[in-house]
Amino acid sequence: NESEQTYNLAVYLIAQLGKKFNEKEEIIMKHTIFTPYRVCPLGAHVDHQLGQVTGFAIDRGVELEFDITEDGTFDLISKNYPGHIMFTLEDELEREMLWGDFLKAAIVALSRKYELRRGIKGVIEGTLPVGGLSSSAAVILTYLNAVCIANDIQITRPEIISNAIWAERNYIGVNVGKLDQSCEVYCRKNGLLFLDTLDDSNEIIPVSSNMKPFEIMIVFGGKERQLAGSAYNTRVDECKAAAYALQAYAGMDYGNYKDTYLRNVPIGVYLQYKDSLPENWRKRAEHFYGERQR
């Protein structure tokens, strides 16, 4: 790993020297994309149950410097992870359980609607350790924007959010909600995003002039975490199972399991039947209703 990291650093430094000393401007990386990380004051594990959430972007995130390749080649290195990602649009984009999977996820998502002809080459960097700040969503959104720029695709904000969600759910394999992607697309400086994930209605609430000065502290516990390797999907399933069981206890029309969410269950039904739920299901439901009340 140390030798691979040394190689990656050497490649990056050579690229930087090329920028500084080469007089041919056309070989300089012409494009830079920055996608912020987000902080979620209210709504963790609520968005995938169609709840109401808040969040704001911070001034740290993912940055990609890139050029466009006309032959559909993708050629990237990361300043955070070892290895060199290189493939073309003609290749079969199989998952390898490596950082390059997020780029492939973005390409596959866009390919469902758009014809892609051009690729990108460049360097990507995340400015904080992985885990807890929606780094996976930030990376996918960064790649989606870059591929759209390379292929002259005009994409709306709701569309890029839906593509990022599809990529993470269907290619990466994490059953995420809408909070992370929405924060990173809609948030504005000195504003708090309020989002209702049931109908996607949202507003930016500005910082009040009457508020006292404040700072945000983010603490890294020393362990990097990725959702695909965590218990995230299990918690999503436990929430849905709780909703399904509560509807059954109450005699509600509970329909298909995949379309079942705690947002569909009134809090009175939860209070009446919560003691009938398995412990973990009850905890998940209690968290949802507690966050909604808060």
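This is a predicted model: local features need pLDDT of at least 70, side-chain atom pairs count only at pLDDT 80 or more; totals for chains, interfaces and linings use all residues.
A salt bridge is taken here as a side-chain nitrogen of Lys or Arg within 4 Å of a carboxyl oxygen of Asp or Glu. An α-helix has 3.6 residues a turn, so residues three or four places apart point the same way. Arg-282 is partly exposed, at 23% relative accessible area, and Glu-286 is likewise partly exposed, at 43%. Salt bridges with shared partners also tie Glu-70, Arg-118 and Asp-152 into one network.

Other pairs reach across the chain. Lys-79 and Glu-125 meet through their side chains at 3.3 Å, N to O. This pair links distant parts of the chain, with Lys-79 in the loop between β3 (73-78) and β4 (84-88) and Glu-125 in strand β5 (residues 119-126), 46 residues apart. Lys-79 has a relative accessibility of 37% and so counts as partly exposed; Glu-125, at 28%, falls in the partly exposed class too. A further salt bridge brings the side chains of Arg-263 and Asp-196 together at 3.0 Å, N to O. Here the partners are 67 residues apart, Arg-263 in the loop between α6 and α7 (267-273) and Asp-196 in strand β6. Since buried means under 20% relative accessible area, Arg-263 counts as buried at 15%, and Asp-196 does as well at 8%.

Of its 16 residues, 14 are buried, so α3 is largely enclosed by the rest of the structure. Leu-144 lies in this helix and is buried, with a relative accessible area of 0%. Its C-alpha atom is separated by 9.8 Å from that of Ala-167, a residue 23 positions away along the chain.

Most residues other than glycine have a negative phi. Asp-152, although not a glycine, has a positive phi of about 55°. This residue sits in the loop between α3 and α4 (157-172) and is exposed, with a relative accessible area of 56%. Asp-200 is another non-glycine residue with a positive phi, near 65°. It is placed in the loop between β6 and β7 and is partly exposed, at 39% relative accessible area.

Val-207, Met-211, Phe-214, Ile-216 and Ile-218 make up the patch, which has about 460 Å² of accessible area together. Val-207 is located in the loop between β7 (201-206) and α6 (232-249), and its 38% relative accessibility makes it partly exposed. The second largest pocket has a volume of about 550 Å³. Its lining comprises 20 residues, with Phe-56, Ala-57, Asn-190, Phe-214 and Ile-216 nearest the centre. Two or more lining residues come from each of β2 (52-69), β6 (191-196) and β7, and β2 supplies the largest share, five residues.

Key:
Residues are numbered from 1 along each chain as its sequence is written. Side-chain values use heavy atoms; hydrogens and water are left out. Buried means under 20% relative accessible area, exposed over 50%, partly exposed in between (1.4 Å probe, protein chains only). Helices (H or I, at least four residues) and strands (E, at least two) are DSSP runs, numbered from the N terminus. Patches are made of residues with over 30% relative accessible area and no salt bridge: like charges are joined within 9 Å, nonpolar side chains (Val, Leu, Ile, Met, Phe, Trp, Tyr) within 5 Å. Accessible areas come from the Shrake-Rupley method with a 1.4 Å probe; for residues, only the protein chains shown count as cover. On a 1 Å grid over the protein atoms alone, a cavity is a set of points where a 1.4 Å probe fits but cannot get out, and a pocket is an open set with protein on both sides within 12 Å along at least five of seven lines; lining residues have an atom within 4 Å of a point. Grid points are joined across faces, edges and corners, and a volume is the space filled by probe spheres set on the points.
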